[in-house]
Amino acid sequence: MKRRDAVARISATARFLPDHVLTNADLEKMVDTSDAWIRERTGIVERRIAPDGMTTTDMGAGAASRALAKAGLEPADVDLLIVTTATPDRWLPSTACEIQARIGASRNCPAFDLHAACTGFLYAVSMAEGYVAAGRGEVVLVVSAEKMSSIIDWQDRATCILFGDGAGAAVVQPSENGEGILSSFHRSDGDMADLLERPAGGASRPLDPESLRNRDHMIRMSGREVFKSAVRSMAGAGTAVLREAGVDSSDVDLMVPHQANMRIIESTARYSGIPMEKVFVNLQRYGNISSATIPVGLDEAAEEGLIEPGSLILMAAFGAGLTWGAMAMRW
Ligand code: ACO
């Protein structure tokens, strides 16, 4: 794609993390695992878990309201609301409509869920950019909210150690001085759909006593295959967006990758030519919050002063689908 000036930027970010911390030591009491194994194989030390009664909508609305306040906007200013989640509160209606009502956004504001698993945030920011570029609206609110604990099989040690709950939000507005999205790259490969799935509970295999007994409505994953594919795809996507933006890996001020596994982050950074000092990592505290990892990471990095106006940010993600992508952005 031809290089062009940025048309949309992220004007504010925010996050909402539940207070309850589940440590590796807690997990040792639940499944046959150890703190040492989890740290060494994943880098995760603890994760946040939403209490019973705290929903995806609650967390998403919390992050959304904070992001709007930071941008100096009112809920009525939102022209489009996109929610990314793999854990909607209900199959019908969308969690986006629930968040729209909760935060008090206008009925004139279209609201919908976008499901691209962990890559959802990057897909959604690109959709937001397109909306702004087409002149359809000037304020797009992207909310990534996940209650992964609701779809985790707490008896499966290969997956239950990986995930956590939380939400991040970003306000996308027209670019003012050339800052914003410089390039993006998105891909998917449904041939690898079975690598990471919830086999039952959808239209093809509605819940029945047998699937409930087998816990087939919970996450199943071929970890090693996902791992290999993740490194390849994130590094390729990162390299592609840097090339399209006309910048070099040495120009990147901070990489904010999807936080799934420390070894995946390190390999991706190495293949992309980004030293680890320039890679933001909060995986040790939150685990994998699916699509919320990047907005939560951006928000923490900005708060810690790691991102400043003019910083060049590289984001990259992969997830179920499989889906993957990357984005280069001038902050
Ligand atoms: N504690 C102790 N041992 C374990 C655990 C555990 N929690 N989990 C697995 N093991 C064992 C396995 O049973 C296996 O034992 P065996 O050799 O006796 O058979 C051994 O450890 C090695 O298992 P592997 O699966 O090969 O371990 P690996 O090094 O690949 O690490 C992991 C597993 C951490 C899941 C890794 O493959 C990974 O991170 N994959 C990517 C997963 C991911 O990022 N998924 C999220 C995608 S994003 C989304 O869309 C939701």
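Trainee: In which loop does Leu-322 lie?
Mentor: The model is predicted, so local features need pLDDT of at least 70 and side-chain atom pairs count only at pLDDT 80 or more, while totals for chains, interfaces and linings use all residues. Residues are numbered from 1 along each chain as its sequence is written, and side-chain values use heavy atoms, without hydrogens and water. A cis peptide bond joins Gly-321 and Leu-322, with omega about -15°. With helices (H or I, at least four residues) and strands (E, at least two) taken as DSSP runs numbered from the N terminus, Leu-322 lies in the loop between β12 and β13 (323-330).

Trainee: What is the omega of the cis peptide bond that joins Leu-92 and Pro-93?
Mentor: Pro-93 is placed in the loop between β4 (80-84) and α4 (95-103). Most peptide bonds are trans. The bond joining Leu-92 and Pro-93 is cis, and its omega is about -5°.

Trainee: Where is Ala-117 found?
Mentor: Most residues other than glycine have a negative phi. Ala-117, not a glycine, has a positive phi of about 50°. Ala-117 is in the loop between β5 (111-114) and α5 (120-133).

Trainee: Which residues come nearest to the ligand?
Mentor: The shell has 13 nonpolar, seven polar and five charged residues, where Ala, Val, Leu, Ile, Met, Phe, Trp, Tyr, Cys and Pro count as nonpolar, Asp, Glu, Lys and Arg as charged, and the others, Gly among them, as polar. Elements that each supply at least two shell residues include α2 (35-42), α8 (223-245) and α9 (262-272). Of the 25 residues around the ligand (a heavy atom within 4 Å), the nearest are Thr-33, Arg-41, Cys-118, Arg-224 and Asn-261.

Trainee: How much of the 1000 Å² that the ligand exposes alone does the protein bury?
Mentor: A ligand nitrogen is 2.7 Å from a side-chain N or O atom of Thr-33. Ligand oxygen atoms lie 2.6 Å from such an atom of Arg-41 and 3.2 Å from one of Arg-263. Of the ligand's exposed area (Shrake-Rupley method, 1.4 Å probe), the protein buries 75%.

Trainee: How many residues apart are Arg-15 and Asp-299?
Mentor: The structure holds 15 salt bridges (a side-chain nitrogen of Lys or Arg within 4 Å of a carboxyl oxygen of Asp or Glu). One joins Arg-15 and Asp-299, whose closest N and O atoms are 2.7 Å apart. This pair links distant parts of the chain, strand β1 (residues 8-16) and helix α11 (residues 293-303), at a separation of 284 residues.

How values were computed
Polar contact = N/O pair within 3.5 Å; in protein donor to acceptor, adjacent residues only side chain to side chain.
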